[in-house]
Amino acid sequence: MASNKPGKTKQVQEIIKCGKDPAYFFNKYLRIQHPVRGLIPFDTYDFQNDCVKQFIENRFNIVLKSRQLGLSTLVAAYSVWMAIFQREKNILIIATKLSVAQNFITKVKTMIRSLPGWLLLPEIVANNKQQIQFNHGSSIKAIPTSEDAGRSEALSLLIVDEAAFVRNFDTIWTGIYPTISTGGRVIILSTPNGVGGQYYKLYTEAESNLNEFNPIKLMWDVHPDRD
């Protein structure tokens, strides 16, 4: 019986292509957990591909989004891509609470488990409910909100999920900014939570070109299944 596994030359070509193009990697190889349909291919929408393009082109991104647009899944996939194809990347996710942080890592692990063995280049050397670490120095870690979250870490990528609902986000941001100011990247995302607070300040300033953030606004109707 013929094997579906590509030959060595084809594998190398695919690895290079995946490393250069995250959207290609997501759509061809990643699987995600659907609440009804189980494990399904991660078929990204155009607005999600555009987000990834902006994540790559801009060091600092802040996203104002509607609910149920798959952005948490998208940034989990982006974390997996960065951790696998780049060395020494320290990726930290700050979530509103422990269960949300653990759920993020569960998404990451589901995606990694779905990959063909030849595409998972680094070996996993640490694996628990809040972190996955590889032997080429990259890691993905998710933690709940705390005032000293991430302060002692030199970060390659910081993701803050539902930032408008993170307690003491102003204190956290002040403490964590020095850890990314030397070259790290940031993705801050949230659904709206009224006027005021650090997230609101960062987003409105970004829209007025008053800080280094690239603002991304994703309204309810960007999803092609909605009108």
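**Entry 1**

I take buried as under 20% relative accessible area, exposed as over 50% and partly exposed as in between, with a 1.4 Å probe and protein chains only. The model is a predicted one, in which local features need pLDDT of at least 70 and side-chain atom pairs count only at pLDDT 80 or more, while totals for chains, interfaces and linings use all residues. Residues are numbered from 1 along each chain as its sequence is written, and side-chain values use heavy atoms, with hydrogens and water left out.

I then searched for salt bridges, meaning a side-chain nitrogen of Lys or Arg within 4 Å of a carboxyl oxygen of Asp or Glu. E162 forms one with K65, and the closest N and O atoms are 3.9 Å apart. I noted that E162 sits in the loop between β8 (157-161) and α6 while K65 sits in strand β3 (residues 60-65), so the pair ties together parts 97 residues apart in sequence. For these names I use DSSP runs, numbered from the N terminus: helices are H or I with at least four residues, strands are E with at least two. K65 is buried, its relative accessible area being 8%.

E162 also forms a salt bridge with R67, with 4.0 Å between the closest N and O atoms. I placed R67 in the loop between β3 and α4 (71-85), 95 residues from E162.

**Entry 2: other salt bridges**

How many salt bridges does the structure hold? I have seven on record. One of them joins K217 to E207, with the closest N and O atoms 3.7 Å apart. K217 is in strand β10 (residues 214-218) and E207 in helix α7 (residues 198-207), 10 residues apart. K217 counts as partly exposed at 44% relative accessibility, and E207 is partly exposed with a relative accessible area of 44%. I also found K10, E14 and K28 linked in a network of salt bridges.

**Entry 3: helix α2**

I checked how α2 is covered. Six of its eight residues are buried, namely P22, A23, Y24, F25, F26 and Y29. The cover over these buried residues includes α1 (8-20), β1 (31-34), α3 and α4.

Next I looked at α2 (residues 22-29) against α3 (residues 46-57): the two helices pack at an angle of about 140 degrees, with their axes 9 Å apart. That makes α2 oblique to α3, since angles under 35 degrees count as roughly parallel, over 145 as roughly antiparallel, 65 to 115 as roughly perpendicular and the rest as oblique. The axes are lines fitted to C-alpha atoms, for helices over the stretch in contact, and the angles run from 0 to 180 degrees between N-to-C directions.

Which residues make the contact? I listed P22, A23, F26 and N27 of α2 with N49, V52 and I56 of α3, contact meaning heavy atoms within 4.5 Å.

**Entry 4: S72**

I found S72 in helix α4. S72 counts as buried, at 18% relative accessibility. Leaving out residues up to four places away in sequence, S72 touches F104, K107 and D161.

**Entry 5: confidence**

I looked up pLDDT, the predictor's confidence in each residue, from 0 to 100. The chain averages 90, and 93% of the residues score at least 70.
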